[in-house]
Amino acid sequence: MINNKVPKRRFKGFTDDWEQRKLGDIYDFTKGKGLPLDSFVEGNHEPSIAYGHLYTKYSEVITEVNLSSDDEGTLSKINDLLFPGSSTVPYGTAQSNAIMLDNVKLGGDVIIAREKKQSSTNAPFVSYQINSNKKKLYPLCVGTTITHMYGKDLSNLFYSFPEIKEQEKIGSFFKELDNLITLHQRKLNKLEDLKQAYLEKIFPKNKEVIPEYRFKGFTNNWEQRKLGDIYDFTKGKGLPLDSFVEGNHEPSIAYGHLYTKYSEVITEVNLSSDDEGTLSKINDLLFPGSSTVPYGTAQSNAIMLDNVKLGGDVIIAREKKQSSTNAPFVSYQINSNKKKLYPLCVGTTITHMYGKDLSNLFYSFPEIKEQEKIGSFFNELDNLITVHQRKLDKLKNLKQAYLNEMFVN
């Protein structure tokens, strides 16, 4: 089955057609052995990979392994292709990994594709090509609760191959892009960890009157107050999900948006509805009254915008006395310990939460200036996290665009 084609985008200097080849003509397919999951420990003294690690820990190219097992496994060779033979994740087997390390132990249900002729292909190139169109593997995934894939079926698939130098160029290009994505992901993770660390230190622990960490100039004890003494609790109305469109001509929020689209502080709304809703006021606290996500109602959002429409099942906490609290501060404090809301979440498939129960909760409050300082600090940290998240998303979208254009599918 020969079918010469070229991709939409190529590096300069390469002009030859790509040739379709059957994987079984290039690779011998075998399987790993051993390595039960309970045999793994952190470290690289006996680097080892179980099939589940392929779709939970690694991307297209494996250059480092930080898990070890003293159990017996099949040893890798540089330029092997690996596939998970089983998965509890739908279509979790539909992927490939190139391993660029010798002598890594490969466990049972790891499908190993090893070149018949050494250095005839570039494994990263092949791995990126396979993962650029995972749906091609879907018909090979059999089973329901646990899906399986087999080397004999993979061996019958056809993919397009250019000359080896072009393969190496493409594989190297995507590996460098992945390294950049990994770098930004690590920066984002560090910022998120930093935020979590501050959330745990800047708000008092249960029954304590001062936090572990404070900004300079603030020394007074915090006062425990009941939310119902500070806020009136009401609910939004209307705004069915099918009434929403992109845009901010009639900015609107449904309860589900609170836990899928927004973090602690809402300063911008880019969805609109022409339906009727309850209008927000700056410094309101919002809570989702229902959720299909376990404990999805256990969170708070501060809205810093007037006249945003709030839909049915949005719980609204509005100050009895204006400017007595800083809503971002309160929202961050509530979300620093979401488990405190868990007893208020009732139901199974759909969980609910009610304003009357929220009104009975106690939280600690310092003077308003300290609230504003803390709220502003976390909001700035969130803005920095958002910037890094957007950079990461752009890189991922760029990678996907190149994957779509640099292979022959």
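Helix axes are lines fitted to C-alpha atoms over the stretch in contact, and angles run from 0 to 180 degrees between N-to-C directions. On that basis, helix 3 (residues 123-131) and helix 5 pack at an angle of about 70°, with their axes 7 Å apart. The model is predicted, so that local features need pLDDT of at least 70 and side-chain atom pairs count only at pLDDT 80 or more, while totals for chains, interfaces and linings use all residues. Residues are numbered from 1 along each chain as its sequence is written, and side-chain values use heavy atoms, with hydrogens and water left out. Helices (H or I, at least four residues) and strands (E, at least two) are DSSP runs, numbered from the N terminus.

**Helix 3 and helix 5**

- Helix 3 and helix 5 are therefore roughly perpendicular to each other (angles of 65 to 115 degrees count as roughly perpendicular, under 35 as roughly parallel, over 145 as roughly antiparallel and the rest as oblique).
- Helix 3 passes helix 5 in a left-handed crossing (the near helix is turned anticlockwise from the far one by less than a right angle; clockwise is right-handed).
- Pro124, Phe125 and Tyr128 of helix 3 meet Gln167, Ile170, Gly171, Phe174, Lys175 and Asp178 of helix 5, contact being heavy atoms within 4.5 Å.
- By class, this contact of helix 3 with helix 5 has five nonpolar, two polar and two charged residues (Ala, Val, Leu, Ile, Met, Phe, Trp, Tyr, Cys and Pro count as nonpolar, Asp, Glu, Lys and Arg as charged, and the others, Gly among them, as polar).

**Helix 8 and helix 10**

- The axes of helix 8 (residues 327-335) and helix 10 (residues 368-405) come within 7 Å and cross at roughly 70°.
- Helix 8 and helix 10 are therefore roughly perpendicular to each other, and the crossing is left-handed.
- Helix 8 contributes Pro328, Phe329 and Tyr332 to the contact, and helix 10 contributes Gln371, Ile374, Gly375, Phe378, Asn379 and Asp382.
- The contact of helix 8 with helix 10 comprises five nonpolar, three polar and one charged residues.

**Helix 5 and helix 10**

- Helix 5 and helix 10 have axes that come within 10 Å and cross at roughly 160°.
- These two helices are therefore roughly antiparallel to each other, with a left-handed crossing.
- The contact of helix 5 with helix 10 has 22 nonpolar, four polar and eight charged residues.

**Largest pocket**

- The largest pocket has a volume of about 930 Å³ (on a 1 Å grid over the protein atoms alone, a pocket is an open set of points where a 1.4 Å probe fits, with protein on both sides within 12 Å along at least five of seven lines; lining residues have an atom within 4 Å of a point).
- A volume is the space filled by probe spheres set on the grid points, which are joined across faces, edges and corners.
- Of the 31 lining residues, Lys261, Tyr262, Ser263, Val265 and Thr386 are the closest to the centre of the largest pocket.
- Helix 10 supplies the largest share of this lining, nine residues.
- The lining of the largest pocket has nine nonpolar, twelve polar and ten charged residues.

**Second largest pocket**

- The second largest pocket holds about 650 Å³ of space.
- Its lining has 21 residues, and Lys57, Tyr58, Ser59, Thr182 and Arg186 lie nearest the centre.
- Helix 5 gives the most to the lining of the second largest pocket, with seven residues.
- This lining divides into seven nonpolar, six polar and eight charged residues.
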